[in-house]
Structure formats: structure tokens, C-alpha cells
Amino acid sequence: MWKPLLLLCLLARAAAAQTTLPLDSVSGKVTYTGVVQVPGASAAELYSRGREWFAYTFGSSKTVLEMDDYEAGKLIGRAYAQFDFAAGIGRPQPWALWRKIKVEVKEGKYRYTISDFVLGGPISQPDASTHPLESWLAPTIARGKRPGNMVLSVIAGADATGKQEAASLQAAMGKKPGGDF
């Protein structure tokens, strides 16, 4: 009975180890980016949808946005997401993973960039630590060894955060306004 469970655990760990994070070729930072076409949407509509996404996603666009430039069609925010940090033995603990989210709009399209990931610390103290994700992962990568559970949990948290936010933004930016309320 224990052999199938052990095999299942090893396969799950191997699958998690296969997760790679997208790195920007210039900066070397973990970066999720894309250009999305939204035919028929004006730059003003896309800007408004982006600002609304920040407000609904983070509770307030005012507390998150670091840059809000209507003329340039640019929104830049900084926020954190919670992920399960597997630190040693025991249950994973909720930790904060900070990142920057940039949305640039033009007629009929927008570009999103999710980058500058920072490992923040326990969720009760999200600013307790400020380790850029790349510097935190570098020692494991440099040794060429298979990452341990702590590193795998951070990789999984960053990957899930980047992908979920990109999908959430795409859903919000693609919505067409519905009638007269």
C-alpha cells in the first residue's frame, strides 16, 4: 500500500520540479508578458478597463497604483499575493509574494508585464523581507541541484500568481461594456 503512495509523491515532486519560470532575456528577471488584441476597443476604453481591474482585484486602485498616466496609456501597480511557503517540516505557511503589474494600452490592444517578484515574508508581516525572487533562487540554480521543497513552493507560487493574474486581466480587458447599465 505504501509503495503506490510513495511513487505518487515522487511523481508529484518531479512534476513540480519541471515548472520553469519565464525569464526576461535582457533583465534576467522572472517576467510574464503579453500583447493582447482587443478589436474595436479604444485606448480610453482599455485604460478604463485596466484601472477597474486594479480596483476590483486589489480592493482599491489608489493603494496599489504607483503610476496612473492616462495620456501615456500606462498603469503600474505593486501588490502582493498569498502563496503556501513550504519551510521545512510541517504544514506550508501563507507568505506574501510581491510583484509589479504594468498595463500599457493603445487603440485595439494592450500589453501587460508582471515582473519584479519579491519574496515578502509571512502573510501577517508581508513586508518582513525583501528578497528579489531571482536572488533567492540563484544559489539553488548555481549549484545545479534539484530544488528542495522550499524552493519548489516559491517557484509554484510565483508561477501560479503570474499565470492567474494574466488570465484575470485578459478576462477583464476583453469584456465589452453592457448597454446602459
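These are my notebook entries on a predicted model of a single chain.

**Confidence first**

I started with the pLDDT scores. The chain averages 82, and 83% of the residues score at least 70. Then I looked up which elements sit at the two ends of the scale. Helix α1, residues 2–17, has the lowest mean pLDDT at 37, while strand β1, residues 32–37, has the highest at 96. Over residues 1–18 the score is below 50, and this stretch makes seven contacts in the model beyond near neighbours in sequence.

**Aromatic pairs**

Next I searched the whole structure for aromatic pairs and got eight. I picked Y32 and F117 to look at. Their ring centres are 6.1 Å apart and the planes meet at 65 degrees; over 60 counts as edge-to-face, so that is what I called this pair. Y32 lies in strand β1 and F117 in strand β5 (residues 109–122), so the pair ties together parts 85 residues apart in sequence. Are these two buried or exposed? Y32 is buried, with a relative accessible area of 9%, and F117 is buried as well, at 1%.

I also checked W53 and F54. Their ring centres are 5.1 Å apart and their planes at 75 degrees, so this pair is edge-to-face too. Both W53 and F54 are buried. Together with F58 they form one aromatic cluster.

**Two arginines**

Where does R78 lie relative to W98? I found R78 over the face of W98, at 4.1 Å from the ring centre.

The other arginine I looked up was R49, in helix α2 (residues 43–58). R49 has a relative accessible area of 11%; under 20% counts as buried, so R49 is buried. R49 and M173 are 124 residues apart in sequence, yet their C-alpha atoms are 5.6 Å apart in space.

**The core**

Last, I went through the largest nonpolar core, which has 37 residues. The members touching the most other members are L21, F54, V103, V105, Y110, F117 and L133. So F54 and F117 from my aromatic pairs turn up here again. Elements giving two or more residues include β1, α2, β5 and α5 (149–174). Which element gives the largest share? That is α5, with seven residues.

I finished on V103. Leaving out residues up to four places away in sequence, V103 touches F54, G73, K74, L75, Y110, R111, L169 and M173.

Key:
Residues are numbered from 1 along each chain as its sequence is written. This is a predicted model: local features need pLDDT of at least 70, side-chain atom pairs count only at pLDDT 80 or more; totals for chains, interfaces and linings use all residues. Side-chain values use heavy atoms; hydrogens and water are left out. pLDDT is the predictor's confidence in each residue, from 0 to 100. Helices (H or I, at least four residues) and strands (E, at least two) are DSSP runs, numbered from the N terminus. Contact means heavy atoms within 4.5 Å. Buried means under 20% relative accessible area, exposed over 50%, partly exposed in between (1.4 Å probe, protein chains only). Rings of Phe, Tyr and Trp (its six-membered ring) pair if their centres lie within 6.5 Å; planes under 30 degrees apart count as stacked, over 60 as edge-to-face and the rest as tilted. A charge sits over a ring if NZ of Lys or CZ of Arg is within 6 Å of the ring centre and within 35 degrees of the ring normal. A nonpolar core is a set of buried Ala, Val, Leu, Ile, Met, Phe, Trp, Tyr and Cys residues joined through side-chain atoms within 4.5 Å.
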